[in-house]
Amino acid sequence: MFEILLLIAGLVGGALNSLAGGGSFIVFPALLAVGVPPVIANASNTYAAMPGYVSGAVGYWHAMAQHKNRLVLYTIIALVFGWIGAELLLVVSDEQFSKVVPWLMLFAVLLFAFGNQLNAFVAAHSGGRRGMKLVGTVLLTVFLAGVCVYGGFFNAGLGILLLAFLATAGLSDIHAMNGLKLWISSVVAIVAVARFALNGSIDWYHGSIALVGVTVGGYLAARNAHHVPTGVIRAAVIVYGVFMTGYFFWGAYT
């Protein structure tokens, strides 16, 4: 019964990731619902999401090829600070993480709901390459490092934060931005999963069921995306995310 729930959650989460984002709002609570402890559920959610990031990055390779000069720096930052984020998760107890989760969920839901406006605002005020010079390489590096720490610690909302960073860094081609977003997400997820695995913090059985669902759901949704109104899906994800955030607040503070 639990396996069916996780597989369905993975299918829905993977489809949402392909169509509008927000799959973690489905998969992470499902892992909790089947009895996986909070910290391990979060680590297992990152494991389940990882193949989608990798396959997406491969699919966008030609779009981001013109920005290959950025990949070395971005990869190093993602490796180092994604690992740090994973380390932070591993020093937090289940009780402490349960108190933090509602705030992380709220932050992720707000990012999901207002991410387009955030990215548009950042793009409008970054001024392309000139904006990159004004902000400064150091500040951009700190920005990306902070985003990667967040991604290693908690996966939901990572993509929106990365798009905001890339807009600040002067990119405007959405296809290249999506490719770089997925590349950085892949590196963060891979290094985080490696760290979680070394610590024995992944529920391989339940996480793998979710992974299969996420992978299949993402593929099927991508093949049929033109039939689905994205706006309606985004609205449904936001409503569900708000409900789950309220549920986590109720569970953590009552």
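In what follows, Ala, Val, Leu, Ile, Met, Phe, Trp, Tyr, Cys and Pro count as nonpolar, Asp, Glu, Lys and Arg as charged, and the others, Gly among them, as polar. This is a predicted model, in which local features need pLDDT of at least 70 and side-chain atom pairs count only at pLDDT 80 or more, while totals for chains, interfaces and linings use all residues. Residues are numbered from 1 along each chain as its sequence is written, and side-chain values use heavy atoms, with hydrogens and water left out.

A cavity is a set of points, on a 1 Å grid over the protein atoms alone, where a 1.4 Å probe fits but cannot get out. Counting those of 30 Å³ or more gives 1 cavity. The largest cavity has a volume of about 40 Å³, a volume being the space filled by probe spheres set on the points, which are joined across faces, edges and corners. Its lining, meaning residues with an atom within 4 Å of a point, consists of N17, G23, S24, V27, N45, A48, A49 and V214. By class these are 4 nonpolar and 4 polar residues, with no charged ones. Helices are DSSP runs of H or I with at least four residues, numbered from the N terminus. Helices α2 (24–33) and α3 (38–59) each supply at least two lining residues, and α3 gives the largest share, 3 residues.

A salt bridge is a side-chain nitrogen of Lys or Arg within 4 Å of a carboxyl oxygen of Asp or Glu, and the whole structure has 1. It joins the side chains of E87 and R195, at 2.6 Å from N to O. E87 belongs to helix α5 (residues 68–90) and R195 to helix α10 (residues 174–198), so the pair ties together parts 108 residues apart in sequence. R195 is buried (under 20% relative accessible area; exposed is over 50%, partly exposed in between; 1.4 Å probe, protein chains only), at 15%. E87 is partly exposed, at 27%.

Helices α1 (2–19) and α11 (204–223) each supply at least two of its residues, and α1 gives the most, 5. V216 is found in α11 and is partly exposed, at 37%.

Note on methods:
On a 1 Å grid over the protein atoms alone, a cavity is a set of points where a 1.4 Å probe fits but cannot get out, and a pocket is an open set with protein on both sides within 12 Å along at least five of seven lines; lining residues have an atom within 4 Å of a point.
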